[in-house]
Amino acid sequence: MAALNKVIKDISIILGVIFLIPLSLFAQNNDNYSIKGTVIHSKSKVPLVGANIIIKNTSFGTSSKNNGEFKLQADLKPGDYILIVSYVGFKTEKIPVTLSNDTTVNIGNIELQPTDLMGEQLVITAQGGLSERKKLGVSITSVEAEEIENTGISSVAEALSGKVLGGYVKRNSGSPAGGFRIRLHGTSTILGNAAPLYVIDGAIISNSSLSVIQLGGTSTSRTVDINPMDIKSISVINGATAAALYGSRANNGVVMITTKMGESGEQNIFYSSSFSLHHIRKKLNVNMATNDKGQFLDNDGKILHGRRYNLQNQIFRTAFGTTQHLAFSGGTDKFRYYVSGSYKNNEGIVKKTNFRKITLRTNIERDFSQTFEASVHLNYINNHQNIMPNGGLNKLYGVLTSFLFGPNTVNPFPNKEGEYPAIGNFGNPLEALAKYDFYKDVSRFLGSVNLTFEPSDNLKIDYTLGFDNYHQIGVGFIPPGTHATNLPYGMIQEGQIKHLQTNNNIAIRYEAQLASSLTSNTLIGGSLQYVNERILGLAATHFGVGSKVITGASQFQQPSETRNRTVIYGGFVQERIGLKNKLFVTVAGRVDASSRFGANDRWHFYPKISAAYLISNENFWLNSSLNKIFNRFKLRAAIGYSGGQTSIGPYARFNVYNPVSVNGNPGVVPATQKGAANVIPERQREISLGFDAGLFNDRITASFNWYHQVTSDLLLQRTAAPSSGFLTKLGNYGKITNIGLSARLKFVPIKNENVLWSTSITFNTNHNEVSGIEGGILFFPDSFGGFTVAMNGKPIGVFYGSTYKYTENGKIKKDEEGLPIEAPGNQVIGNPHPDWTGSLLTNLQIGKHWNFGAQVNVSYGNDVFNFARRIGAFPAYGTLQLYEDVLEGRKPKGYGERVFGIFKRWVEDGSYLKIRELSASYTFYPKYMSLEKIRVNLIGRNLFSFDSYSGYDPETNVGGGRTGVAGFDFMQVPIPRSIILSFKLSF
Amino acid sequence: MIENILQQKYKILFVTIIFTATGCSLNVSNPNEPTSEVVLNSDQGIKSLAIGMQGFFASTVYPNIVIDAGITANEIAVNTTYINLVNLARGGDDVKPKNSSIRDLWKALMRLNSMADKLLKNAPDVVKNEADLSGIMALASVYKAMALGYTLQFFKQAPIESGSQAKFYSRDKVFSKILDLLGNALKKINSTSPSNDFKQDVLLSGFNLKNTIYALQARYNLFAGNYTDAVSYANKVDMSVKSVLTYDGSTLRNTIYDEFNISNDYAPIDDFGLPALVNPNDQRLKFYLLSSQGTSNPFEFEVDELDGFWNSASSEIPVYFPGGITLIKAESYLRLNQIDNAIKAINKVRTKKSQEDPFGIGASLEPYSGPKTKSALLKEIYYQRSAEMFMSGMRFTDARRLEMITPSNNPPLDSVTRMYYPYPKAEHENNPNTPTNPKY
């Protein structure tokens, strides 16, 4: 009978959810229950006044009185219920209550934990398990679900923006799936990938930004596939000192993501629906030159029979987006689940572009016995992206680029027959919009299986199998008959990536109390990682009519295929000794081997040691007046080593041969690069020092961190003596140093029953320096012939090129025509790295209904290379205002030609202060039995940017995910201003 | 009960996963390109490398030899402003170790030497068929001999064995290595005749192995100063046989044709660049050059258009010249003070009609009537070699051997403008055994 009741109840909950019908309609035989209890602070045991107490899925609720006590009267039928106890500034507690014959129920003390904890908080470490933050000798940034759900962010990278201590996050492009540039403790490689390693529920996942077709500047990093609403928390672990579990791959830091899981005794339904509008924040000033009579002038300064065109209104639009997300979660005492599905369709502000994503997730956790537990996390993602190419680094076709190259003196609109005119050498942007067909499809399945065996309280064995499998197809099609440069008969490119990576990790933990004041925590583990990737590329030209597939073409390029496999073995031991709950010392060692390296140079050892000293737990501190201000003060120090192996290809250790055809006979010749059999992984040593403090009972908390990171044995290419038979070789020649300071101050200016105002300020600096490059300078490919370089003694990616001749008092020297003079030779002319970045996040909660939030991001001292402006000022193209200045006489004649070759002219200050987000939300607690709350949120993102940059946005990079190229502007889609309205329903 | 079974099952799964997973080996093989293990340890790999090596010589090494020697020895006018080429043409001090033309020539020669070394070292263990092996070893020996021999035509010393920090050897030592290689090659094919499979599938068609060995033995004995041996090997060359580099015009192109006719970066200089020595009746002028009125830019040499062995992308190029063999004899006799024999050999070349030469090279001149002094005859041999073997990479080394260079930091543009090239920067900076650079 009880079972039947439960079924009925479950069904009615579901029905209730669907029809929003109060469950009470179905209820029968109600009794009048009285539930009593006291709400207190978990640490100080002080009563909390004004805490909200409601019975879940009912309309009954009350709040705690002066002594923290509450008494709740409820007309309910007997059964199991959940009491939700919430209070601003504290973690919400959920307490199961069974109502039976006894109509008076006393819960006793309910302890609420403050949310702005730093000392006691559990964080996920790179060992995969939870550790109390106070025991850690390193700083770890964590971002919690509420910080993601209640904002307008739409990707993992965005969630980290402005929140990472010791790192920065910048967006490369404003296309809806645009990639990000994330650097933790700076860039520590030259040839390799400098982005962090991503791990979701123990599975290492790919963050490749490989674009299988030539698009230019719009490369998407694959973390965009993750549905941010599924995330429970993100931990960011910077550099070598923190990461023992991913030793040989941890040089760039690790981003650990944990997804949500249901809780025992609950059935939750969460539905979120959001609608967004996006539009361009700032347009370029286009050359609309006229003479005194108002007649338009052509690029030679002669009267134009016709007019000049500003096509930005034809290219950009107000874009609409929607995201729907539905999640069920809950569990019984032995079984927990979380299931979600989401649909997102976001138009891009460039017409015809959009990003459509479907995600499905199932997380299941099952306790098989007291000692054995298993969980499965499965995530399927399918997305489709319609793209407009933008020229970028390698190809001439594109929409924004052909608008830039113009010239804008020719009518680009189609005639009555629908034929588009040729307007210049780089195609007609309106024709491109109408006729090009570029898209990408991704189908991805990732997840993990975790098994935990806990035979006793102090022994725990964890096994994780993580996998990530995706298939990406990219197609670029230009039909015959357009004005695309050199492609009059059309073109198709088709690329495919098939990627599989798995990781097997085993970790054995043993805790022991060695003496009354001495604890030991031992961790032994092993890891096996496997990556298998296959990349195919096809291209053809000369299409007949009607076909959009490669077989419709008649001239085929050589197809390309690459298969890559990597196997990594690792093992580690970690020991943490705790002394009197004051001093915690962690010593760890890891060995790693990767198949990328030669058999004799494969195994490497990465040790680390860190210490945390809770000086505020010492008697002298407790007894002094210091304790009255600083309730908590922790000193920490760490030194550690890690490795980097992305600078070497999977098979670079081999001496390989290239196929040649000799009069039709198949032959081979040795490749010119010597096999790198004797190189070792790039090795990083990082020292970090810092403190965490809590003032005035944690009303103010402060974190400070300094790091000194040296990555030596940096892999670089060098010339080989030709007498060896090879021309180049890869070797451990270089070094990169990153030194940085980061600080965070969090304070809670107001905190009472009704108002909680919290604010945090983050500040980061990083100084980067490269050495060991042959000949002192390395030109990065894909930067328009090498305007960005790695140069000994300078930060990676500085701009390098020609500059002005200056007079003795620092003014630009000009010739008799008033044109600036170019100085001979090339030099460093700009640095894309900011001197410092900072952020301000603030949140104001008023009562239980209103919440207001804001985020401001600052980047100071970074330069941007405005390549777009250089093109727009050159007379042959002349589409931007700078050339209007020449035509209308505000700049001397010949200015465009002269400064075209002076690259210093195009380096601009890219400092910005951005209002990243403003949000306001109102939460209803409707008196429907099944509906817990409805939160309505109005959010503005990327609302304003205070900068002196002349282009669209200084936060841009045509280099996408490339390591060396940063701050390079060449007509990427600008980041739009977005307005988002969302509704979140919790049942 | 079910719980227990499940628990057992999961324990089994747990163990299975761990054990299957550890089956992955760190020795991942490369599916993308053949590796040295594959190429150098299989019969097919060795043969593919032998084919690749010949193609590399024909497409890359030989054109570099011809063009660089031609520019330095005033056969070829530079018709572009690329700084490496302009400086090479100026010669003397302007030829720097960083000059990219010299770097490319050195790279090509060194890579060729390394390919031949790989074949010589690995083929005996891998190629099981004796008749295949004989052909491959002989071929590799010949190509290594050419790699070393051509290196000495431009540089004062050369490394013999390729490898990291290769040692350099004196000219005598290198010449004796070259002669050893050629001697071994001959021995190989005389004791085991190369298989038909080798001749059809490995050896590039048109390349006559035996006669090429004799011709090179004659050439390098002459260069080494072994004049009697030079004569005796020259006598063994079958003068009616052609040994050529063939080009199918698509997968392998006559790149000298491309450089002169498509990119137009070079042009042959009027009168073989030897206005003081040329005989206007020399019929070889017509064989090699198409008369035209052009001048080169920079330097304004009067230039012609190229004919001879470079009039299409599929024109074949001689590996050695029968007329050149006769001139080896002439020079050897002269060095041996057999003046009459020397003049006889010179006249054989001077009076040769085109139909008497397998390539159709015929001067059709009167017999030699100049002074019978050694210096006059040296000059005559220099001219005859220049005209008989125009643009064959020989004139630079001929000028040195026949004493036609006046060493100078600032030589006249229309002379041979260097004694030896400097060793390229890439070699100097990465190999401490590299000798110091010659002055000019």
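Me: What's the mean pLDDT of chain A?
Reply: It's 87, and 93% of the residues in chain A reach 70 or more. pLDDT is the predictor's confidence in each residue, from 0 to 100.

Me: Where is confidence lowest in chain A?
Reply: In helix H1 (residues 2-19) of chain A, with a mean of 48, while strand E44 (residues 907-909) of chain A is highest at 96. Over residues 11-28 of chain A the pLDDT is below 50, and that stretch has 19 contacts in the model beyond near neighbours in sequence. A contact means heavy atoms within 4.5 Å. Where pLDDT is low, the predicted coordinates should not be read in detail.
Helices (H or I, at least four residues) and strands (E, at least two) are DSSP runs, numbered from the N terminus.

Me: OK, sheets. What's the strand order in the three-strand one?
Reply: E4-E1-E7 in chain A, an open sheet with mixed pairing. Two strands pair if DSSP finds at least two bridges between them. Strand E4 (69-76) and strand E7 (104-112) of chain A are the edges, each pairing on one side only.

Me: How many bridges join E1 to E4 in chain A?
Reply: Eight, and strand E1 (residues 31-41) of chain A runs antiparallel to E4(A). A:Tyr33 stands opposite A:Ala74 in E4(A).

Me: And the four-strand sheet, which strands are its edges?
Reply: The order is E3-E2-E5-E6 in chain A, open and antiparallel. Its edges are strand E3 (61-63) and strand E6 (93-99) of chain A. Seven bridges join strand E5 (residues 79-86) of chain A to E6(A), and A:Leu83 stands opposite A:Ile95 there.

Me: How many residues sit between E20(A) and E21(A)?
Reply: Four, and the two strands form a hairpin. 14 bridges join strand E20 (residues 354-367) of chain A to strand E21 (residues 372-387) of chain A, running antiparallel. Another 16 bridges join E21(A) to strand E22 (residues 437-456) of chain A.

Me: Switching to chain B: at what angle do H13 and H14 cross?
Reply: The axes of helix H13 (residues 322-335) and helix H14 (residues 339-350) of chain B cross at roughly 160° and come within 7 Å. Axes are lines fitted to C-alpha atoms, for helices over the stretch in contact, and angles run from 0 to 180 degrees between N-to-C directions. That makes H13(B) roughly antiparallel to H14(B), since angles under 35 degrees count as roughly parallel, over 145 as roughly antiparallel, 65 to 115 as roughly perpendicular and the rest as oblique.

Me: Which residues meet there?
Reply: Among them are B:Leu327 and B:Ala330 in H13(B), and B:Ala345 and B:Val349 in H14(B).

Me: Which peptide bonds are cis?
Reply: One runs from A:Gly406 to A:Pro407, with omega near -5°. Another runs from B:Asn297 to B:Pro298, with omega near 0°.

Me: What about phi of A:Asp201?
Reply: It's near 45°, a positive value in a residue other than glycine. A:Asp201 lies in the loop between strand E13 (197-200) and strand E14 (203-205) of chain A.

Technical notes
Residues are numbered from 1 along each chain as its sequence is written. Chains are lettered from A and ligands numbered from 1 in the order in which they are written. This is a predicted model: local features need pLDDT of at least 70, side-chain atom pairs count only at pLDDT 80 or more; totals for chains, interfaces and linings use all residues. Side-chain values use heavy atoms; hydrogens and water are left out.
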